[in-house]
Amino acid sequence: MARIIAVANQKGGVGKTTTAVNLGACLAALGKRALLIDIDPQGNTTSGVGVNKADVENCIYDVLINDVSAQEAIRSTEIESLHIIPATIQLAGAEIELVPTISREVRLRKALQPLKSKYDYIIIDCPPSLGLLTINALTAADSVLIPIQCEYYALEGLSQLLNTIRLVQKHLNTKLEIEGVVLTMLDARTNLGIQVIEDVKKYFREKVYQTIIPRNVRLSEAPSHGQPIISYDPRSRGAEVYMDLAKEVAG
Ligand code: ADP
Ligand code: MG
């Protein structure tokens, strides 16, 4: 049965999408059957694995709102055993459209149920908010993986995220766990990063992954080529560290 991992942090630009895409691709490279789910209207995970949003027929919006089956929305990618349910800008309306619908928080969980036997990992890339799309992801997930950027305000806003996680645990998904915390975009040239690492470790302890993702130019270039880092530049530092992270996640 698939382990469903939501990659969440309501802050934008902390490395959620980069982590979702590359963790998915690296798990696939390790021989796991991986499915990415893009629930960010920006659709960066979708384009990040080379899916052209213009020719997406069914996206996650149709699954959440129009009762299209998740199976029908799955697309393959250039990486064998990495699939995706894409998002297009249409999803921007879903946050509002979900409000009056029945069982609005559990739509994604219900939709993914039939896919659980077909994958080893299902990775959901969340939008930068704590609205209904993120709630759907946390309700569908077995665990949440939190990327934290190594910068001055790193811990700011985390209490809201943890509060939301607790509310979901209490009311919607008692089994939700914290999968782990991954520190991203470390700039080795400054001492600030080291301080942030210490603070985050004090707070999350053994939940913090050994693997720390450094700033790496190749990681920031890969999305514009529609490729995960292991395809774009398999010998880069970025590819190396995301493979390390995937091994930690796969245990
Ligand atoms: P989020 O999904 O949380 O908004 P992204 O993964 O899209 O964050 O990352 C924000 C920006 O930073 C993107 O342009 C991405 O390419 C870049 N980026 C992410 N991780 C790294 C990294 N380790 N090194 C360099 N650039 C990165
Ligand atoms: Mg993103």
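Predicted model: local features only at pLDDT ≥ 70, side-chain atom pairs only at ≥ 80, totals over all residues.

Reply: Start with a term: two strands pair if DSSP finds at least two bridges between them. E2 and E4 meet that mark, with 4 bridges joining them. These two strands run parallel.

Now the whole sheet. Its 7 strands follow the order E3-E4-E2-E5-E1-E6-E7. The sheet is open, and the pairing is mixed. Strand E3 (75–76) and strand E7 (177–184) form the edges, each pairing on one side only. In general, strands of a sheet pair through backbone hydrogen bonds, either parallel or antiparallel.

Go back to E2, residues 34–38. Strand E5, residues 121–125, also pairs with E2, through 5 bridges. Again the run is parallel. Here leucine 36 has isoleucine 123 of E5 as its bridge partner.

Next, look at E4, residues 82–85. Leu82 and Ile84 point one way from the strand. His83 and Ile85 point the other way. All four of these residues are buried.

E4 also pairs with E3. There are 2 bridges between them, and the strands run antiparallel. Arginine 75 finds its bridge partner in E4 at isoleucine 84. E3 and E4 make a hairpin with 5 residues between the strands. In that hairpin, serine 81 takes a positive phi near 65°.

Now the surroundings. Helix H7 (residues 132–140) lies across strand E1 (3–7), E5 and strand E6 (143–149). H7 runs at about 150° to E1.

Then there is helix H1, residues 16–29. How far apart should its ends be? At 1.5 Å a residue, its 14 residues should span 20 Å. The end C-alpha atoms are 20 Å apart, so the two values agree. A residue counts as buried if 20 or more other C-beta atoms lie within 10 Å of its own. By that test 14 of the 14 residues of H1 are buried, so the helix is largely enclosed by the rest of the structure. Just after H1, glycine 31 takes a positive phi of about 95°.

The ligand is surrounded by 17 residues. The closest are Lys16, Thr17, Thr18, Leu219 and Ser220. H1 and helix H10 (217–221) each supply at least two residues of this shell. H1 gives the most, with 3 residues. By class, the shell has 6 nonpolar, 9 polar and 2 charged residues.

Definitions and conventions
Residues numbered from 1 in each chain as written. Chains lettered and ligands numbered in written order. Expected span 1.5 Å × (residues − 1). Buried ≥ 20, exposed ≤ 12 C-beta atoms within 10 Å, placed from the backbone. Contact = placed C-beta atoms within 7 Å. Axes fitted to C-alpha atoms, helices over the stretch in contact; angles between N-to-C directions. Near = placed C-beta within 6 Å. Nonpolar A, V, L, I, M, F, W, Y, C, P; charged D, E, K, R; others polar.
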